[in-house]
Amino acid sequence: MDLSTISLTQLGLVDSDVFRSLSERSSGRSLQVKAIASSSPKRTTMTAEKQFPTHARAVVIGGGVVGCSILFHLAKFGWKDSVLLERDELTSGSSWHAAGQIHTISSDPNISRLQGYTINLYKEIEETSGHSVGLHNTGGFYLASNKTWYGYLKRERSKARYMGLDQEFISVKEAAERHPLIDPSHYLAALWDPLDGDVDPSGVCYAYAKSARVHGAQYYTHTPVIETRQRKDGTWDVVTPKGTINAEHVVNAAGLWAREAGKLAGVTMPVQPMEHHYLITEDIPQIMERMASGKRLPAGIDYEANIYFRQERNGMLLGTYEPKSTPWKVSGTPMDFGHELLPSDLERIADRLELAFERVPALGQVGIKTVVNGPFTFGPDGNPMIGPVPGLQNYWAAVGVMAGFCQGGGVGRSIAEWMIEGEPSIDVWAMDISRFGNFATADWGTVKSSENYERRFVMTFPNETLPKGRRQKTTALYDRLVAKGAVMGVSFGLEHALWFADGPEDAHEEPTFERNRSHDYVAREIESVRTGVGAIEIANYSKHEFAGPGTRAFLDHVLAGKLPKPGRIALTPMLTPKGKLYGDLTVACLSEDRFMLFGSGAAQEMHRRWFERNLPSEGVTYTNRSDELHGLAISGPKSKELLSRITREDVSHKAFKFRDIRECVVGDVPVILSRLSFSGELGYEIYCRPQFLIRLFEAVEQAGGDLGLRFYGSRALMSMRLEKNWGVWTMDFRPDFDAAESGLAAFIDWNKDFIGKEAAAKARDAGPARKLVGLMINVDDRDVVGDEALLKAGAAVGYISSGGYGHRLKKSLALGYVPVELASNGTVLDVEIDGQMFPAEVMVEPLYDTNGDAMRS
């Protein structure tokens, strides 16, 4: 492609002309930006400022779209004494130069819901503020040019069914009729969403801010935060050149300066600003003809070409994500940066431009009026990082929101609900900052954010592991497991075995939606567990230790289940004040005043935050020991024989019963030994400190040689738990559900007081509207992975929360939520997989070892 043939008529524009070009995108756009563009270096503040406050319920740092949305929602929901502080003008940083294209599709269903909420909110803030947001609900389509992307869109449409989003496939011919500038010969399918379109970024920010002021909040521009100090009572002194505000809560919504704002509070925010290009073309004759009759073009995304496009006045806006990212200001964002753009470098996107001109030919037939290269902030996995920051009291994050005009409204609502009511109205785990721990360093954040930028429109398959930022956390067994042929995955930064091939050279698999080459290897692992003995590393479970004279009373209040006696284990749910699930935990009593809780490793910081929030001032000490206790689990009918060979303990059935736990010596090392198994077979979990893990491993390996010992990975474990109808945290068990819906109400002790009891009892008495059930799916070559729609008579009635293949039953299995009237054994529903319907039969009881005899043997 010869870049010299492009008419780059305005590449030499000064900043003020770029401001004017961007602000004149359509009628009714923000006058504020025009004023900034033509003003003297001392810019005019747009706020009629009152006397600077000395106290606030909440201080929001940052006047971009996210900060303004949070301020609006806080004020609307009742916290009127909230204040936003902006170091320059509102929109400074990323918001002012954003492309403004809006859409609902996201990898997480609840983020999609919140994106739908955001788009529907624009009319409200426009009416409340009297300020135009420049909303064009043109609708939009997502284009697939190959079978793989077509399969992805089928799965997205299935998610949309149960979320209530109005997405549907239209023919490629109809897509070309709605957008006559695309060349339909390149496409196989188009998914249409009527909510998509575009907004004026500056208009949106000012509409949020002015609406917040209508509801009673205030914002102050040209007011940088230079210090944040926490008092002993948990409140914060937010120091500015205009004065100090004592705030009950602080929200870091500083956008490009999120890292700098975090440092003021001693927090590392693992986000990274990235350079990003988009182009605005000169007028296109076909668009001018359509505009004469009042017709606008819909927005579009072409996944394979990695481009997004929409109408911009009488031309088009075209954006892309480069295959090689360019991190901007890795060491920190300059404090004097604001309404500036970066030098353009079209060579970086030349290949994408060539594809764009091929698929939307009109783009290559006109000149380029404006090239925008501006920084905006990405997070390590592409999703926002919001919520209370673990380890800090009353300090909140709302950073890494790269799709602010799609997600800003939902982020603002969730943060405000969380702050005011104690929890958001829907599960926001996919955005919760607690999904990252201390492994998420600044450098790691840059590496992963760069990877995610490069993969913005690149599909990630259910079995795919991404290559960058790996081996951030490993156990002592990492090299030994790899030498055995382990294909490694990562969870909460920690490497763990997914499955085992026949040696390192054989340890590979291709990303796919179908069953992949690991299928037969996993079957082999499970057969060893079923008939002999298998071993799996269990370092990635969380371990929370509580000690002290007040421990039993504290846990009795925090946990909804009955606490065990010394030497015993119990399963218990943990609930929010509204009765929603906040954990499914295994609680072990090591002694009367010392307990250990085992749970989801991915949720360990979320649970740490919850424990510390509710911890009494004295009588209980708490330690997250997840990184201090690694270990192995052994499972299968020969596991007892193996264990007896490496310990002097009596592990006979009478001496060491199901759900017993003790501290002892196994394999010549001190351990915590429990008789428990997530495989559904007889099994034991053996925890030790990391320095003892190799010795324990060698003892297990040597003692199991003649017993047919085989190591297995998490794929096998996840298959076996499906055959038992056992849910897992973040998929089947989430704060979207209560104990009655999830089936965990059976583990609640209703004879005591606990957090969420009143709400949980009310839900129990009313009876659940939906229930979690097992499903057996009649399908041959693929399995559900989660978020597929369940239908009855053609209407969506529920969804799949998790699924896979049950190797012991040789059946495709799933767990899912369905209306209670359909939650009876033998009910047949339809599940949508890759656009096809397959029968799914409800299984109330597990088909494998229904009574749990194997575990108790």
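## Strand pairing in the barrel

In this predicted model, Met776 has Glu841 of strand β37 as its bridge partner. The strands β32 (residues 770-777) and β37 (residues 836-843) are antiparallel and are joined by 4 bridges.

Both strands belong to a closed barrel of 6 strands, in the order β32-β35-β34-β33-β36-β37, and the pairing is antiparallel. From one strand to the next, the twist averages 45 degrees. Helix α19 (residues 714-723) packs on the sheet, where it touches β34 (795-806) and β35 (811-819). The direction of helix α19 makes about 125 degrees with that of β34.

Trp750 lies in the loop between α20 (739-742) and α21 (757-766). Its relative accessible area is 21%, so Trp750 is classed as partly exposed, given that buried means under 20%.

Leaving aside residues up to four places away in sequence, Trp750 touches Ala745, Lys757, Ala760, Ala761 and Arg764. Ala560 is 190 residues from Trp750 in sequence, yet their C-alpha atoms are 8.0 Å apart in space.

## An enclosed strand

Strand β16 (residues 368-378) is largely enclosed by the rest of the structure, because 10 of its 11 residues are buried. Strand β16 pairs with β12 (residues 272-281) in the antiparallel sense, over 10 bridges. Within this region, the bridge partner of Pro273 is Thr377 in β16.

Notes. Residues are numbered from 1 along each chain as its sequence is written. This is a predicted model: local features need pLDDT of at least 70, side-chain atom pairs count only at pLDDT 80 or more; totals for chains, interfaces and linings use all residues. Side-chain values use heavy atoms; hydrogens and water are left out. Two strands pair if DSSP finds at least two bridges between them. Helices (H or I, at least four residues) and strands (E, at least two) are DSSP runs, numbered from the N terminus. Axes are lines fitted to C-alpha atoms, for helices over the stretch in contact, and angles run from 0 to 180 degrees between N-to-C directions. Contact means heavy atoms within 4.5 Å. Buried means under 20% relative accessible area, exposed over 50%, partly exposed in between (1.4 Å probe, protein chains only).
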